[in-house]
Amino acid sequence: MLTLDEVTVAYGAVEVLHGVSLTVASGELVCLLGANGAGKSTTVRTISGLLQPRAGRISFLGERLDGRPAHAVLASGIAQCPEGRRIFPEMTVRENLEMGAYVRGRGGARAEDLDRVFHHFPRLAERAQQLGGTLSGGEQQMLAIARALMSSPKLLLLDEPSLGLAPTMVATVFRVIEEIRRQGVTVLMVEQNAALALRMADRAYVMESGRIALSGRAADLLDNAEVKRAYLGG
Amino acid sequence: MSRRGWAGAGIGGLFLFLPLLGVDDYYLHLLIMAGLFFLLAAGMNLLLAAGQLNLGHTAFFGIGAYASGLLALHFGLTPLLTMPLAAAFTALVGVAVGRLTLKLRGAYFVLVTTGFAEVIRLVATNWMDLTQGPMGLAGVPPFDLGTARWTLQSKRDYYYFMALLAAGTLYLTARLLGSRVGRALAAIRSNEGLAESSGISAYRHTMLAMVVACGLAGVAGAFYAHYITFLSPELFGFHNTVTMAVMVVAGGQGVVLGPAVGALVFTFVPELLRMAAFYRMLLYGVILLLVVMFMPKGLVHYFRLRAGAPIPDAAHDEAMAALGVDDAGGARGGPALAVRDVTVRFGGLAAVEGLSLELGRGEILALIGPNGAGKSTAFNVITGFQPPDRGRVELDGAPITGLPPYRIAERRLVRMFQRTSVFAEARAFDNVLTACHRLSRTSLGQVIAATAAARRDERDLAARARAILDFVGLGAKADVLARNLSCGEQRLLGLAIALGPAPSVLLLDEPAAGLNAVETVGLMRLIADLRARGVSVLLVEHDMKLVMGLCDRIVVLNYGQKIAEGTPAEIQRHPEVIRAYLGSDETLAHA
């Protein structure tokens, strides 16, 4: 479904991704692990068109993706939920969600989409008229994911969905992610909570200093001594 | 001497000898006007360094001109006296205007200062008795050096006088922008909340910039009055301010040389375009547009005339030792920090209700609870960002409720913010150096005079900043712009910034967010190390491995109220905490 082939990305003169190749098949939940600064977020931002690769190619459903601006990538069916709860703080929860469906133009299936995300996140339904900026951190994270879902993406990019969430809230968010992929959405996820992410994912890639260092079935990586030492802390 | 030094000396020498090279009076006049506008643009640049665009700056120019001209006309004072008097008067007006307007930000400040200039223009036009209104004030005496015998007459005389003033302005702004003052101004522009919590008063520093800018405008005005010897309310015209703003922005804002380059280029370009006669203003507009489009940071940035301060190599042992708390007020006994019965309401909703907690000296205390329980609000109250509706906060037994954040930082209570909070456009090293602001021991006078003490002070602060970066493990990234660091590295930089002001009490808001399990263990070591150095730590965190493994005690909040307090072992068994926050044992194990 999604293929990255030898993708190289640089910030100015500094190259941060050195030929990254990975694939995500339809219906999969693939997880991207690695230390801070390894290039996980850069990879996700390159897929979503926020950064442009210096070399290599990205294709999605047979079409070439690199070189397209972010809004065109979104229109092709890839939605990104960026790290750090980026929402529109001066808009209400409902308006934030409607922004998520913006790409689909007038009409669309907004009412059903709203019902669906409110079903996933009842807390957001309660707060539909509240300004995004007045939500607590966990609620903002839920809103960010919900907004990404509003465009009915085929592929959802999640950058650290558990960041800054209370333990019970982490469980809720991950339950929602499982439900989302049960409904047929493919997910590529960056997550620091490696243990939890590997338990849920089908496959995973481990990144080190801008390269893919290791990849395989999530279950195998959970048992991998190297992964245990470097990312699971035990 | 460095290459930059030689280049500077060469250009300075060129300006010195220009009149002797047979440059005619017309060009000397243009150079004098460029110098005049440099004085004005340099002042505007100082305020803009803190993010404040003063679109009424020409009002201060005019006030200085009229003040000096009127004093000389009516009291027969020598311009040698009226110039400093006019500068002082203008600076005073600047203080008055600053007191009223500097609390405003962005567009509001721009509008109010624009309005101020318009008001002053109307006063100058209509106060006939004083200014002779639109007819203008004629017969202002030329500049003399105390006696009529030494009167500046030729263009060359005024050229050298202006060269002196411009060199002084260049020196003054270079000292200000190149020292902790400049760092503070840039910090206020970049992230005011973070600057305040690092012990930098936004109000005081913008006021300093305002006073210096207005003083310079006063000098420029006085020079103009005795050079042109005729004054009219035209001086207050908006077009003057626009010219200054163009020079600053197209020259390079926030940079010492920006206004100088801008003033030279944008004095000469319109003159050189005279040959295009009819199309002059059109061409001028196009050139301006091209500069802004292709060199958005200004000409100076484009030619790379700016370099960052050198970063010291390795950390000094002394600087490393200075991370610890030497005089934590331990003699006084009692808790390091006490929150007593604090309530905060937003509308009808209580975000924090009757919260009391004590942080012992050298203790690590965690504040946990569901998202939205009021933890960040509690942090905001403690650090002065949110006044409580009821209750008080005490640091080392002394009340700090109601103090502004920078005062609280000066008392060595410093926070790290929840959202990644750094000075994005500065290098990691400069981020930490900025945060060391309050430890500077030299006065403003010493900074401007660049005394040995001031230079030593700068070296000590740089060594300290370097040591802190090494301490948090970002030593290798010292020269990387903060915005290019990864999320987790920015968190660590946030911690390094919080260590800058040498806190005795440290508040950490979700320090482990964005770190993986192994990195979290590294962070736990850092925090334990800080405690060993005498720092007391209050932290909010959702990573239970960190909370349970590191903290001495835990306070649990839910819906703004304390529902439990105790050791990690007690909290893990607490049924209400499990229900409201921890969830089933399985969730805890996974988290």
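## Strand pairing around β3 of chain B

L337(B) stands opposite L395(B) in β6(B). In this predicted model, local features need pLDDT of at least 70 and side-chain atom pairs count only at pLDDT 80 or more, whereas totals for chains, interfaces and linings use all residues. Residues are numbered from 1 along each chain as its sequence is written, while chains are lettered from A and ligands numbered from 1 in the order in which they are written. Helices (H or I, at least four residues) and strands (E, at least two) are DSSP runs, numbered from the N terminus; two strands pair if DSSP finds at least two bridges between them.

Strand β3(B) (residues 337-346) and strand β6(B) (residues 390-395) run antiparallel and are joined by five bridges. Strand β3(B) is also joined, through seven bridges, to the antiparallel strand β4(B) (residues 349-359). Within that pairing, A338(B) has E358(B) of β4(B) as its bridge partner. The hairpin of β3(B) and β4(B) has two residues between the strands, and G347(B) takes a positive phi near 65° there.

## Strand pairing in chain A

In chain A, strand β1(A) (residues 2-11) pairs with strand β4(A) (residues 55-60) in the antiparallel sense over five bridges. The bridge partner of L2(A) in β4(A) is F60(A). F60(A) also stands opposite E63(A) in β5(A). Strands β4(A) and β5(A) (residues 63-64) are antiparallel and share two bridges; their hairpin has two residues between the strands, with L61(A) at a positive phi near 50°.

## Helix α10 of chain B

Helix α10(B) covers residues 202-228, 27 residues in total. The expected span of a helix is 1.5 Å times one less than its number of residues.

A residue is termed buried if 20 or more other C-beta atoms, placed from the backbone, lie within 10 Å of its own, exposed if 12 or fewer do, and partly exposed in between. Because 22 of its 27 residues are buried, α10(B) is largely enclosed by the rest of the structure. T229(B), with a positive phi near 60°, follows the helix.

## H119 of chain A

H119(A) is found in helix α4(A) (residues 110-120). The residue is exposed, with 11 other C-beta atoms within 10 Å. H119(A) and V176(A) are 57 residues apart in sequence, and their C-alpha atoms are 9.9 Å apart in space.

## Contact between chains B and A

Two residues are in contact if their C-beta atoms, placed from the backbone, lie within 7 Å. By this criterion, 29 residues of chain B are in contact with 30 residues of chain A. On the chain B side, the elements giving two or more residues are α21 (487-499), α22 (517-532), α25 (575-582) and α26 (585-590). Helix α22(B) gives the most, with four residues.

The chain B side divides into 12 nonpolar, 13 polar and four charged residues. Here Ala, Val, Leu, Ile, Met, Phe, Trp, Tyr, Cys and Pro count as nonpolar, Asp, Glu, Lys and Arg as charged, and the others, Gly among them, as polar.

## Domains of chain B

The domain assignment of chain B, with bounds from an automatic or database assignment, gives domain 1 (23-238) and domain 2 (326-425 + 480-590). Their C-alpha centres lie 46 Å apart. Contacts link 11 residues of domain 1 of chain B with 17 residues of domain 2 of chain B. On the domain 1 side, α8(B) (180-190) and α9(B) (192-197) each supply at least two residues, and the largest share, four residues, comes from α9(B). That side divides into three nonpolar, seven polar and one charged.
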